[in-house]
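Q: I'm just getting started with this one and would like to go through it slowly. Could you begin with whatever wording I'll need?

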Amino acid sequence: MLVTGRELLLDAQKKGYAVGAFNVNNMEIVQAIIEAAEETNSPVILQASQGGIKYAGIEYIAALGKVAAEKAKVPVALHLDHGTDFDQVMLCIRHGFTSVMIDGSRFPLEENIAYTKKVVEVAKAVGVSVEAELGKIGGTEDHITVDERDATFTDPDEAVRFVNETDIDFLAVAVGTAHGVYKGEPKLDFDRIKTISDMVKIPLVLHGSSGVPAEALKKAISLGICKINIDTDLRIAFTEGVKNFLKENPDNIDPRKILAPAKAMMKERIKEKMEVFGSVNKA
Ligand code: G3H
Ligand code: ZN
């Protein structure tokens with residue numbers, strides 16, 4: 001069933017687990033995520049980035065997400081990932097997204113507050129949840145790139161002000177993770193996660209979570225992370241599936257045969273993540 005992000009994350013916060021938010025770009029990815037969620041009885045978030053929307057088209061991505069969610073035996077939210085443009089956030093709301101992220105992290109604090117507030121006013125009026133980002137998460141997520149030197153951790157005092165003034169539902173924090181493939185092992189600032197969580201009270205979101213060791217993710221969840229975003233690890237699994245199949249079957253020309261193992265690889269990777277997040281049997 002289709003639900004809001006807020007509904008999912010408040011339950012996760014109460015029970016001490018995290019909901020996986022997985023990036024979607026096509027039908028096979030949506031199916032892999034939903035099948036993994038149903039087989040593990042996990043709540044889940046399907047999220048489309050601006051790149052994903054550009055690739056598939058808003059009508060296709062929204063229709064895929066809504067059909068999948070409505071048919072699913074587990075609660076599913078349809079979320080916009082890293083929305084940087086007010087009009088696009090509105091477009092997603094109009095197409096039935098139940099949750100949106102407005103990413104104003106490129107702005108100074110005052111502007112980020114003002115930009116985020118504008119979205120919250122509209123989204124709240126129509127029952128759509130809002131995630132926003134404070135601090136700057138490094139790395140590359142589709143067309144958004146933040147150089148390592150420009151990445152800044154979330155300041156706990158600023159976080160309190162940001163949450164109070166914007167009235168967002170959940171906060172994406174910069175605490176040492178980065179988008180894309182890591183060069184070394186990421187070092188999470190666990191004290192910062194705990195401090196922010198204690199101070200802001202709302203569920204926190206961890207971006208750039210691919211490649212973060214399971215133990216670090218579990219610890220982050222125990223300190224207040226309630227939504228974990230995964231994109232890169234799914235891309236890797238999907239591509240591995242395609243490559244392996246074509247290596248074994250170089251003459252095959254059936255897209256269904258080529259994509260089936262990719263979908264299966266991705267589904268297994270998602271189920272492993274759900275175990276780590278503690279969302280299994282929480283649907
Ligand atoms: O918003 C999406 C996530 O933060 C994805 O990060 O590509 O490192 O998994 P990732
Ligand atoms: Zn992200």
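A: Let's begin with exposure: a residue is called buried when its relative accessible area is under 20%, exposed when it is over 50%, and partly exposed in between, using a 1.4 Å probe and protein chains only. This is a predicted model, in which local features need pLDDT of at least 70 and side-chain atom pairs count only at pLDDT 80 or more, while totals for chains, interfaces and linings use all residues. Residues are numbered from 1 along each chain as its sequence is written, chains are lettered from A and ligands numbered from 1 in the order in which they are written, and side-chain values use heavy atoms, with hydrogens and water left out.

Q: Okay, so is Y115 buried or exposed?

A: Y115 has a relative accessible area of 18%, so it counts as buried.

Q: And how does F107 come out?

A: F107 has a relative accessible area of 23%, and therefore it is described as partly exposed.

Q: How many aromatic pairs does the structure hold?

A: There are two aromatic pairs in the structure. Rings of Phe, Tyr and Trp (its six-membered ring) pair if their centres lie within 6.5 Å, and planes under 30 degrees apart count as stacked, over 60 as edge-to-face and the rest as tilted. One of the pairs is made by F22 and F277, which are stacked, at 6.5 Å from centre to centre and with 20 degrees between the planes.

Q: Where do F22 and F277 lie in the chain?

A: F22 belongs to strand β1 (residues 19-23) and F277 to helix α11 (residues 255-277), so this pair ties together parts that are 255 residues apart in sequence. Helices (H or I, at least four residues) and strands (E, at least two) are DSSP runs, numbered from the N terminus. F22 and F277 are both buried.

Q: What kind of pair do F107 and Y115 make?

A: Their ring centres are 5.2 Å apart and their planes stand at 75 degrees, so F107 and Y115 form an edge-to-face pair.

Q: Switching to the metal: which protein donors does the zinc ion (ligand 2) have?

A: Its protein donors are H82 through NE2, H179 through NE2 and H207 through ND1, and they lie 2.1 Å from the zinc ion. Donors here are N, O and S atoms within 2.8 Å of the metal (3.2 Å for Na, K and Ca), and because water is not among the atoms, sites may look incomplete.

Q: What spacing do those donors follow along the chain?

A: The donors of the zinc ion follow H-x96-H-x27-H. H82 is part of strand β3 (residues 76-83) and H179 is part of strand β9 (residues 178-179), so these two tie together parts that are 97 residues apart in sequence.

Q: Are H82 and H179 buried or exposed?

A: H82 is buried, and H179 is buried too.

Q: Now pockets: how many residues line the largest one?

A: The largest pocket is lined by 23 residues, and those closest to its centre are E148, G176, T177, A178 and Y182. On a 1 Å grid over the protein atoms alone, a cavity is a set of points where a 1.4 Å probe fits but cannot get out, and a pocket is an open set with protein on both sides within 12 Å along at least five of seven lines, while lining residues have an atom within 4 Å of a point. Strands β6 (138-141) and β9 each give at least two residues to the lining of the largest pocket.

Q: What lines the second largest pocket?

A: Its lining includes M27, V30, Q31, I34, E35 and E38, and also L64, V67, A68, K71, A72 and K73. Helices α2 (27-40) and α4 (58-71) each supply at least two of the lining residues, and the largest share, six residues, comes from α2.

Q: I34 is in that list, so what about I270: how far apart are I270 and I34?

A: I270 and I34 are 236 residues apart in sequence but 9.7 Å apart in space, taken from C-alpha to C-alpha. I270 is found in helix α11, and its relative accessibility is 0%, so I270 counts as buried.

Q: And the cavities: which residues are nearest the centre of the largest one?

A: The largest cavity has 16 lining residues, and E141, H179, G208, N229 and D231 lie nearest its centre. β3, β9 and β11 (225-230) each contribute at least two residues to that lining.

Q: Which residues line the second largest cavity?

A: The second largest cavity is lined by H82, D103, S105, E133, I137, G139, I144, V146 and H179.
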